[in-house]
Amino acid sequence: MKLKTLLMGAIATSAMAPAAFAERGSDGNVSIIYWQAPSIMNPFLSGGTKDVEAASMVIEPLARYNETGELVPWLVEEVPTVENGGVSEDLTSITWKIAPGIKWSDGTDFTSADVKFTYEYCTDPEGGCAQVTKFEGVTSVETPDDMTVVVTFDKPTPFPYGPFVGGESPILQAAQFADCMGAKAPECTEQNFNPIGTGPFVVTEFRPNDVITLKANDNYRDPAKPAFATVTFKGGGDANAAGRAVMETGEFDYAWNLQLAPDVIAKMEEGGKGKPVAGFGPLVERIMLNQTNASPDLPEGERSTRAHPHPFLSEPAVYKAMSMAIDRPLLVEVGYGQAGKVTCNWVPAPAIFNSDTFDCSTQDIEGANKLLDDAGFTDTDGDGVREVNGVPMKILYQTSTNAVRQDFQALIKDWWRQIGIEAELRNVDSSVFFGGDPGSPDTFQKFYADVEMYANTFNGTDPQSYLGNLLCDKAPRPETQWQGENITRFCDEAYDALHAQLAETAGSEERAKIGKQLNDMAVEQGAMIPLVHRGRLSAHANTLGGVVLNVWDSELWNVADWHRID
Amino acid sequence: MTDTNTYGALQDKEPQKEPRSQWSEVWDQFRRHKGAVWGGGFLLFITLAVLIGPYLWTVDAQKLDIRAKDMRPIYVALWDSSAKTGWNHPFGTDQLGRDILAQMLSGGRASMSVGWAAMLIALLIGTLVGVVAGYFRKLDGPLMRFTDLVLSLPILPLLLVAVTLFRQPLVAFAGSPEGGMFILIVAIIGITSWMQTARIVRGEVLALKEREFILAARSIGTRNGAIIRRHLLPNVLSPIMVSATLGLATAIITESALSFLGVGFPSDYPTWGKLLADAVPRMERFPERVMLPGIAISLTVLSVNYLGDGLRDALDPRIRGR
């Protein structure tokens with residue numbers, strides 16, 4: 001009897017231990033692996049997700065999105081709305097009230113001056129700030145007192161949560177970055193690698209493109225957090241190795257973005273050391289159709305620009321047939337399993353923005369062939385490839401190097417062959433493809449191919465700026481150093497006008513209606529062929545508790561709550 | 001008193017052996033090296049298999065059959081009767097239902113032809129540079145410094161740059177992406193692996209050209225070209241042969257490494273390296289997909305190395321007969 005009581009007592013103590021003894025740094029070290037290595041800790045100087053997420057452990061925004069896509073106050077007392085008076089009636093200004101008692105990791109107070117400084121830092125005309133779109137339309141940031149920030153916009157802005165919200169728009173310390181304005185920003189290596197932040201951790205050593213070591217922030221606002229004393233943040237390798245390191249060998253506690261085939265993930269899970277977690281945001285794997293001619297015969301500077309329209313890809317019969325020939329359920333099964341859904345839309349989430357105009361869940365090779373025949377695009381020379389006005393329908397189909405994407409390429413090439421379109425496959429290393437180097441011909445922005453496949457998404461729950469990606473003036477071209485989000489070079493005046501209307505519309509119902517119309521226009525007019533609505537799949541060790549996968553913000557958004565479970 | 005009588009004691013009592021040609025001597029010596037014979041036999045077998053194989057096994061290597069995906073090789077049925085196997089795919093199929101035997105055959109074709117072509121190019125350049133540098137003293141310095149320079153070029157970054165620069169023009173020139181990449185890869189491997197040959201040949205030529213027979217040839221007025229062709233080249237044949245076989249092995253491995261890294265041939269065009277790379281994520285469930293191309297690469301390279309070893313012994317008259 002005594003023994004039993006003793007045992008019961010022991011069990012009860014151990015069960016309550018995490019709650020009872022929760023204190024900062026009590027759980028030792030946590031190791032995180034990102035197979036793309038961060039190169040900088042300042043998200044304003046890099047658009048890469050890896051950099052933004054690594055930095056999110058150190059520097060924080062005023063408010064961020066939680067796992068359901070809701071805005072939650074982070075460094076402020078509440079999220080300003082029209083109802084609570086934080087957003088002005090005419091929708092031209094927003095007032096943030098900073099929560100009291102927040103300190104930087106060097107012990108100084110966090111004030112509104114830091115917020116104002118961050119705005120000035122990013123909008124400095126001499127500097128190239130990667131997140132400058134977050135501050136679009138902002139005319140001024142005022143600080144009536146130490147705890148109040150007023151952001152004013154140049155016109156009514158129904159969605160004023162761009163600046164200082166989400167992992168891509170954190171606050172920098174004014175004192176630390178004061179000498180790093182404008183053109184000097186990239187030269188401040190010390191500051192960019194070791195930013196002083198309000199987050200749960202501080203950098204102890206930063207090795208670019210390799211390992212970051214961090215320790216708990218002594219001045220973090222919650223005295224019981226973070227549970228871990230140190231963080232080892234390893235970058236590099238590939239998704240396969242990262243998945244194994246967490247789920248099979250248990251060397252790491254958290255692996256980010258495992259784009260691997262479902263049977264591969266399932267096999268890793270059998271290792272028993274960890275488990276995958278999936279969440280659905282607006283991430284869509286799609287095939288972008290080049291509206292312009294990418295022929296290598298054209299001179300450099302005119303290739304893939306609007307000066308030369310594509311010989312056949314903008315024919316409705318062609319892109320519709322290409323879409324009909326694709327068996328999307330099979331693609332989901334082969335490539336993503338639980339972490340994928342069939343979609344015909346460019347904006348599949350949040351739910352109110354998901355259009356139901358199209359149905360593309362069944363493959364129809366015959367229908368596609370008929371569509372092409374009826375349009376008069378037939379195989380005139382008998383080589384199995386159709387011709388459009390004498391141009392054979394041969395296309396170059398490029399994507400990044402990834403096992404799942406190469407499987408997709410092989411399948412889709414086969415289906416297109418059955419409708420008389422010949423595809424040449426090409427894959428480019430991801431760091432080059434997504435690298436954005438204007439000197440390289442292989443970037444996805446340059447789009448020196450007829451079609452290309454990749455995935456894209458947006459942060460937060462409002463797709464306005466994401467829908468703005470297809471505006472005429474956003475096309476990458478030589479004059480913009482090949483930067484720009486309108487990868488397909490789609491251009492339609494009606495689309496531009498409707499998007500301008502969206503920017504002035506308040507009320508979520510009305511916005512959703514316009515958003516769906518924009519989505520339908522883009523798909524109907526053949527800017528892209530959406531394939532799979534992808535979930536984000538990461539994995540964590542069984543002994544790591546508190547992980548809440550967040551697809552609307554940085555995955556490390558709640559790293560302060562992570563703890564060890566036995 | 002004839003000469004015959006005087007020197008009668010020196011006459012052969014028996015009839016002389018049939019005179020033997022150099023090549024039958026070489027063959028005799030070569031046969032004694034077991035490894036070389038095996039290596040040569042295996043190389044012949046692989047070469048014939050990839051040349052004739054696709055005509056006997058007519059399944060298209062790139063044909064997708066998603067219903068028959070993830071089949072195991074037929075031998076798995078020996079110990080696991082529930083495994084998905086079938087004689088229609090004796091080596092099984094991959095995750096998209098492509099036949100692995102057909103992929104091995106056409107993949108071998110690509111790997112072997114890259115290997116042979118790149119080796120020939122390297123050999124040609126290497127011998128030329130080596131002989132010229134060794135024979136003409138004035139050119140020795142510049143040519144060998146140039147060799148050092150090329151030796152310091154890293155092949156992989158060079159290839160990445162070359163793929164970026166020359167891909168489109170070569171694809172247009174060859175008429176197909178596979179053809180264009182073939183030319184590119186062969187050319188790059190060829191022009192970055194001739195240096196060893198050049199150094200070895202130069203060393204040999206430097207030693208040979210001071211020998212008496214060269215002096216004799218020169219003294220009767222033989223021209224440089226003829227000296228090189230008649231006297232030098234036959235004597236450096238054995239190191240050339242050896243570096244040729246090593247070069248073939250290196251070229252096959254380099255091509256595999258490139259496919260493994262995802263640069264090079266289009267992703268649906270099978271080569272042994274590509275098969276290997278594609279199979280790595282599923283290595284535990286389908287070990288054969290890694291083993292088959294891996295074994296093919298290893299055995300080919302090994303057999304070529306043994307062949308080279310045997311050829312060196314056979315071609316060198318000083319070693320021959322020992």
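**Two packed helices in chain B**

In this predicted model, helix H4 (residues 100-135) and helix H8 (residues 195-208) of chain B pack with their axes 7 Å apart, at an angle of about 35 degrees. The crossing of H4(B) with H8(B) is right-handed.

On the H4(B) side, the residues that make the contact include Ala122(B), Gly126(B), Gly130(B) and Gly134(B). On the H8(B) side, they include Ala198(B), Val201(B), Arg202(B) and Val205(B). By class, the residues of this contact comprise 11 nonpolar, five polar and two charged.

Helix H10 of chain A spans residues 365-374, and its buried residues are Ala368(A), Leu371(A) and Leu372(A). These three lie on the same side of H10(A), because they cover an arc of only 95 degrees around the axis. An α-helix has 3.6 residues a turn, so residues three or four places apart point the same way.

Glu366(A) and Asp374(A), on the other side of H10(A), are exposed. Helix H8 (316-324) of chain A is part of what covers the buried residues of H10(A). Just after H10(A), the residue Gly376(A) has a positive phi of about 85 degrees.

**Where chains A and B meet**

Between the two chains, 24 residues of chain A are in contact with 17 residues of chain B. Three elements of chain A each supply at least two residues of the side that touches chain B: helix H7 (262-269), helix H11 (403-418) and strand S16 (422-428). The largest share, eight residues, comes from H11(A). This side of chain A has 10 nonpolar, six polar and eight charged residues.

How values were computed
Residues are numbered from 1 along each chain as its sequence is written. Chains are lettered from A and ligands numbered from 1 in the order in which they are written. This is a predicted model: local features need pLDDT of at least 70, side-chain atom pairs count only at pLDDT 80 or more; totals for chains, interfaces and linings use all residues. Two residues are in contact if their C-beta atoms, placed from the backbone, lie within 7 Å. Helices (H or I, at least four residues) and strands (E, at least two) are DSSP runs, numbered from the N terminus. Ala, Val, Leu, Ile, Met, Phe, Trp, Tyr, Cys and Pro count as nonpolar, Asp, Glu, Lys and Arg as charged, and the others, Gly among them, as polar. A residue is buried if 20 or more other C-beta atoms lie within 10 Å of its own, exposed if 12 or fewer, and partly exposed in between; C-beta atoms are placed from the backbone. The arc is that of the directions from the helix axis to the C-beta atoms. Axes are lines fitted to C-alpha atoms, for helices over the stretch in contact, and angles run from 0 to 180 degrees between N-to-C directions. A crossing is left-handed if the near helix is turned anticlockwise from the far one by less than a right angle, and right-handed if clockwise.
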